[in-house]
Structure formats: structure tokens, C-alpha cells
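Welcome! Take a moment to look over the model, and then read the briefing alongside it.

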Amino acid sequence: MVIDTHIHPALFAPICQNEEHFAFRCNEMNYHLMKPSDIELIKKQLGLAKIEKVFLLPEDCSYEKGKAAISNEEIAALVSAEPDLFIGFAAVDPRNDDAQAQLEDAFSRLGLAGLKLNTAKLKIFPYDEKIKKLCEVCSRYHKPVIFHSGLCLEEDAFARYARVADFEEPVAHFPDVNFCLAHFGWPWVQETAALLIKYSNLYANTALMNFDGPVQLYHKVFKEDMGAYWVEHNLADKIMFGSDSPRIRPARSKKGLDALGLSADVLEKVYYKNALKFLGQEE
Amino acid sequence: MDCRIKELSVIADAETQLIKITEDVKRVVENCGISNGVAFVITLHTTTGITINESLPCVEKDIEEQLERLIPSDYPFHHNHYLPSYGTIGGNAPGHLKSLLTGNHCVLPVIDGKVKLGEAADIYFCEYDGIKKRRYMVYCMGEA
């Protein structure tokens, strides 16, 4: 089995019916010249990489932009149509006065599985009190948190709000909440590795497509930027596969990881076991 | 002289696949109203191809494997980089290059309302960058 922990369903046809909203979303998230795909085609594409479960990640910067680029309601609708395939995450804009209430609603009414926040886009530091309040909700509901970390390729988003070391405070403050640093905190991957060995409640995912192709990039990050044995010997229980689709197709991203020469048991952990643990569904 | 055009769609089951479209093309030509002329089968995409070859599984496998040997998918292609115009990584250089080798079209005579093909010949839509919904055109020119 493979679980892709990082897909933005920006181009999933069932939530692309409104042209104006679709254009707004694509501009906000920096996806261009691509058309929506229906779910059957997406399932076929996921099948190529043997992906059986997918974390669907929304985006809410509504305090500044007036509405969410991908809303919790849209995520919930996709999950409800394919409950065996999709695991939906919630997003709220921490700058909204009712952010905590919105998050509680996403967990209790919509049944979403965790919180996704992009502090680079929100222009708010990870140690801000507003983030802490949302982490308190997650702690109360026993839900994990995925933080965008490192460079963000979206419009109007700044990496200084997503420096890896700045995520240490929420991770340390909430030892009962599982956190994931998405994109492995690229380019600060050594900082990510450092936090991973210190905090048992911290994970990172591999959604870091930015330079070259997956084979070259994953080799650079996991064999050169980090010690050749760090993944195999130190971080095997902390890394989750994530593609960052639609920036790259999941099957291609997975080929890059397959080419790293990791042992079969480590690949099993990276491809699904760590994701289950992150969700609190350890096998 | 009359001209007719029809678009058809196809979806592969794999990232690269030779998909036989002979019967679909024949049907379009037979129903288009052109009795004598030529038919062009043209893909609308730059990471796909149209070709004619013998429909034997071993031949299909040899074609696909030889293309992979010539154009290995993990080669560090120039196209493998972040494309600001898309917001994505260019991951389909092999598709563009394989498309060069099979070309984007084939041409066939139309005689008495039917497409003329050799005994061993089948028409293939070549997917090199799947899985996507793809389109190709059958364009017929001749006497109605």
C-alpha cells in the first residue's frame, strides 16, 4: 500500500465547477495552463503508483483574500464521495476571530482528519499565539497538524514565515499532537532532520519538488544534503511519502524515492506505515 | 474536394502505452462520407504519437523497450526544472522526445469509402506521458 500525504485537489473536477472560483484558486496557488480532471482519471493516475489513500489538503487565506482557495466544505464533499480513498484535512485562517470555532466545526461536523496550515501564505509565524490556539483545538480533538515548511511556490507567500527552526515551539508545546513538516522544510532539510531526531511527535513528508527531476532531487536531498545513512538508520520512522501533486504527478515522485535504494522495510514505513502512525491508526 | 474532421479521445492504462485505434479510425472514415481521397490521423498533443506497425505483443514490447533504451526516463533532461508558466516541474521530457520518433500523424488512402491498410498494419495512438485524457483527429479529404 502507498499513502500520499500531500495532494492539493485544486484540479479535481467536482470542485472546479465555478469558473471564477477555479481561476481565483489557480492564481492563488500558482497552478497554470492545467485543466480539471475527473475523479475516475485521478484514480487511474493514483493507481499507477499503487496509491490507495490520499491526504487532501485545503488552503484558507480568507482573512486577506475573502475566501478559501480550497475550502473545508469542498474537501469534505470529495471525501464523502470517495471515503475509502480520501482523508480530508481542514484549513482555517488563524487571523479570523472565529478560527477556533471553524476548526472545531471542521472536526465535529465535517469529520476532517487534521489541520493543514501554510504560515508562509498566511504571513504569520509558527510560534504566534493564534497558531497555538488552533493547536489547542487539535490537542483536544486528538488531530494531527501538517505545516507547510520551507519555500512556498505560491503567489504572495514568504519563506521567512516557514523557517524550519520556528516550528520547534508548537511541536514542543504540544507533545500529544503529531506534527508534519511538509516539503521536508526544503531548503532547510538539515534543520528538519535535526528536529525529527529530537521530537517523537514530529514527522516530515517528501513533497519537495523544486529542482531537476525526482530521481536527481531526492538523491541530492536524501543522499547528499543529508548523510547517506540518515534516512535508513535515523529517520526511517519519521518520513512520509507525499507528492505535492499537482506540481508533479505522484507516480513520478514515487519513482524518485524508489531509486534511492532504501531497504524494503524502510520503504514500507515511508510509503504508508508512518502515515498511519501520524494519523494515530498504527497497524 | 470535400473535407471532414472528427475528434476522438483515448485514455491509457499506463504512463507509456501503444493503444490500437485501427477500428476506431476505420469506423470514422467509413461514416464520414468521403469515397476516395486520403485520411490523416493526427494527435493533438506533443507528448504522444501516431504510428503504424504490426499488432503483435512482442513487437509492441520491443518498440516500447527500445524507446526506453534510447530515451531513459531518469536521464537529467534540460526540461526537468520548475516551470513558472505552469507552476509545476517539467517531468515529461521523455514524452516529448519519444513523440519525435513516432511523429504526430499517419496518412492513409481512402478507397471506395474504406481506409486502405497493409495486411499486418495497425494504427496506434502512442501515449508517452500518461495517464491523461487525450484527443486525436481523423481528417479526411477527397471526393464525397
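Chain B has a secondary structure of three helices and 10 strands, where helices (H or I, at least four residues) and strands (E, at least two) are DSSP runs, numbered from the N terminus. Starting at the N terminus, its elements follow the order β-β-α-β-β-α-β-β-α-β-β-β-β. Please keep in mind that this is a predicted model, in which local features need pLDDT of at least 70, side-chain atom pairs count only at pLDDT 80 or more, and totals for chains, interfaces and linings use all residues. Residues are numbered from 1 along each chain as its sequence is written, while chains are lettered from A and ligands numbered from 1 in the order in which they are written.

**Chain B as a whole**

- The C-alpha trace of chain B spans about 50 × 35 × 20 Å along its principal axes.
- Chain B has 144 residues, and 34% of them count as buried. A residue is buried if 20 or more other C-beta atoms lie within 10 Å of its own, exposed if 12 or fewer, and partly exposed in between, with C-beta atoms placed from the backbone.
- Take the contacts in chain B between residues at least 6 apart in sequence: 84% of these join residues at least 24 apart. Two residues are in contact if their C-beta atoms, placed from the backbone, lie within 7 Å.

**The five-stranded sheet of chain B**

- Five strands of chain B form an open sheet in the order 1-10-3-7-8, with antiparallel pairing. Two strands pair if DSSP finds at least two bridges between them.
- At the edges stand strand 1 (2-11) and strand 8 (114-115) of chain B, each with a single partner strand, so one side of each has no neighbour in the sheet.
- Strand 3 (residues 36-43) of chain B pairs with strand 7 (residues 105-111) of chain B in the antiparallel sense, over six bridges. Here B:Gly37 has B:Val110 as its bridge partner, and B:Val38 has B:Pro109.
- Strand 3 of chain B also pairs in the antiparallel sense with strand 10 (residues 133-143) of chain B, over eight bridges. In strand 10 of chain B, B:Cys140 is the bridge partner of B:Ala39.

**The three-stranded sheet of chain B**

- Three strands of chain B make an open sheet with the order 2-9-4 and antiparallel pairing. Its edge strands are strand 2 (17-20) and strand 4 (48-54) of chain B, each pairing on one side only.
- The twist from one strand to the next averages 35°. Axes are lines fitted to C-alpha atoms, for helices over the stretch in contact, and angles run from 0 to 180 degrees between N-to-C directions.
- Strand 4 of chain B runs antiparallel to strand 9 (residues 121-127) of chain B, and seven bridges join them. B:Ile52 stands opposite B:Ile123 of strand 9.
- Helix 3 (residues 93-102) of chain B lies across strand 4 and strand 9 of chain B, at about 45° to strand 4.

**Where the two chains meet**

- The contact takes 16 residues from chain B and 24 residues from chain A.
- On the side of chain B that touches chain A there are seven nonpolar, six polar and three charged residues. Ala, Val, Leu, Ile, Met, Phe, Trp, Tyr, Cys and Pro count as nonpolar, Asp, Glu, Lys and Arg as charged, and the others, Gly among them, as polar.

**Helix 12 of chain A**

- Helix 12 (residues 250-258) of chain A is mostly covered, with eight of its nine residues buried. Among them are A:Pro250, A:Ala251 and A:Leu257.
- The buried residues of helix 12 of chain A pack against elements of chain A including strand 1 (2-7), helix 2 (39-48) and helix 13 (264-278).
- The axes of helix 10 and helix 12 of chain A come within 8 Å and cross at roughly 45°. That makes helix 10 of chain A oblique to helix 12 of chain A (angles under 35 degrees count as roughly parallel, over 145 as roughly antiparallel, 65 to 115 as roughly perpendicular and the rest as oblique).

**A buried loop residue in chain A**

- A:Glu59 lies in the loop between strand 2 and helix 3 (62-65) of chain A. Why is A:Glu59 called buried? The reason is that 24 other C-beta atoms are within 10 Å.
- A:Glu59 and A:Ala91 are 32 residues apart along the chain, and their C-alpha atoms are separated by 5.8 Å.
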